[in-house]
Every structure is written in C-alpha cells, then in structure tokens.
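Please look over the model below alongside these notes.

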Amino acid sequence: MLPESHYQPKGIYKSAKVAFCIHNIAYQGRFAFADFALLNLPDEFKSSFDFIDGYDKPVKGRKINWMKAGILESDKVTVSPYYAEELVSTVEKGGELDNFIRKAGILGIVNGMDVQEWNPLTDKYTTVKYASTHSV
C-alpha cells in the first residue's frame, strides 16, 4: 500500500516518496476486474487499476492492471535511458501503457552499481569478507 494512503494519514512517513522501476513492460499483472475486491484496497484506487484491452486473457474486456496502477500512483517511474525512449515511442512498445507513462513522466537512469563501493571483499560494513572466487 502506498505511503499516502496507509501511513501518512497516521502521521507516519509524511515525506516518503515512491519510485516504480520497470524492468519489462510485458509483465503487467493483468487480472479480471472482479478480483479488485480481493486486494483489500480502498475504492479510491479502482481507477488506477482499471484497464481495458482487446485481449481475451485472463478475461475479455475490463481488467485490473498492476503496472498501470504502479505508474499512476508513484512519484517517479524509472527505467534505463534507452528503454524510457522505447516505451513511449509506440503503443506496442509501451505495452498499451505508453499514454500512462507519458502522462506520469519517466526517468531514464543507468542500470548498475558502483562495484568498488559495493565490493563484499572490501566493504567496511561486511563482517565476513568474500569474493566470487570463494567456494560455498
């Protein structure tokens, strides 16, 4: 559940933000809209999940779409720089979510990490040092 719906009304995580990182637009979590009741979410989120496409699976017509909701309810949507351009280029490449991504905005960030800073062999916070050459 998002901070602004669950925690912030209770005075907790008042300044928390939500980043939604897309790895593969194909895996959206499309389910029958009747299943929304099983999510135990407030009705105010129905429109964010509500999705209609032309496919018959899992059911024909109206569905819930987890990725659409993630895009709309996040403070920032991120992917790799090239993928950001690709997702908003066409309906097909955007998996039918291209308009929602354009509306929300998307930030292309470089994938990866600093291998020197996060090196388990030299990390000052790791009590047991190890490397890929160590056997289990």
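1. The count of salt bridges in this predicted model comes to 6.

2. Glutamate 96 and arginine 30 meet through their side chains in a salt bridge, at 3.0 Å from N to O. The two partners are 66 residues apart: arginine 30 sits in strand 2 (residues 30-32), glutamate 96 in the loop between helix 4 (81-87) and helix 5 (98-104), and the pair thus links distant parts of the chain. Arginine 30 is buried because its relative accessible area, 19%, is under 20%. Glutamate 96, at 27%, is partly exposed.

3. A salt bridge also joins the side chains of aspartate 53 and lysine 63, with 2.6 Å from N to O. Aspartate 53 belongs to the loop between strand 3 (50-52) and strand 4 (62-65), and lysine 63 to strand 4, so the pair ties together parts 10 residues apart in sequence. Both aspartate 53 and lysine 63 are buried.

4. In the salt bridge between aspartate 98 and arginine 102, the closest N and O atoms are 3.1 Å apart. About one helical turn separates these residues, because they are 4 residues apart in helix 5. Aspartate 98 is buried, with 4% relative accessible area, whereas arginine 102 is partly exposed at 41%.

5. Arg30, Asp53, Lys63 and Glu96 form one network, joined by salt bridges that share partners.

6. Tyrosine 13 lies in the loop between helix 1 (3-6) and strand 1 (19-21). Tyrosine 13 counts as exposed because its relative accessibility is 53%, and the cut-off is over 50%.

Conventions: Residues numbered from 1 in each chain as written. Predicted model: local features only at pLDDT ≥ 70, side-chain atom pairs only at ≥ 80, totals over all residues. Heavy atoms only, no water. Helix = DSSP H or I, 4+ residues; strand = E, 2+ residues; numbered from the N terminus. Buried < 20%, exposed > 50% of the residue type's maximum accessible area, 1.4 Å probe, protein only. Salt bridge = Lys/Arg side-chain N within 4 Å of Asp/Glu carboxyl O.
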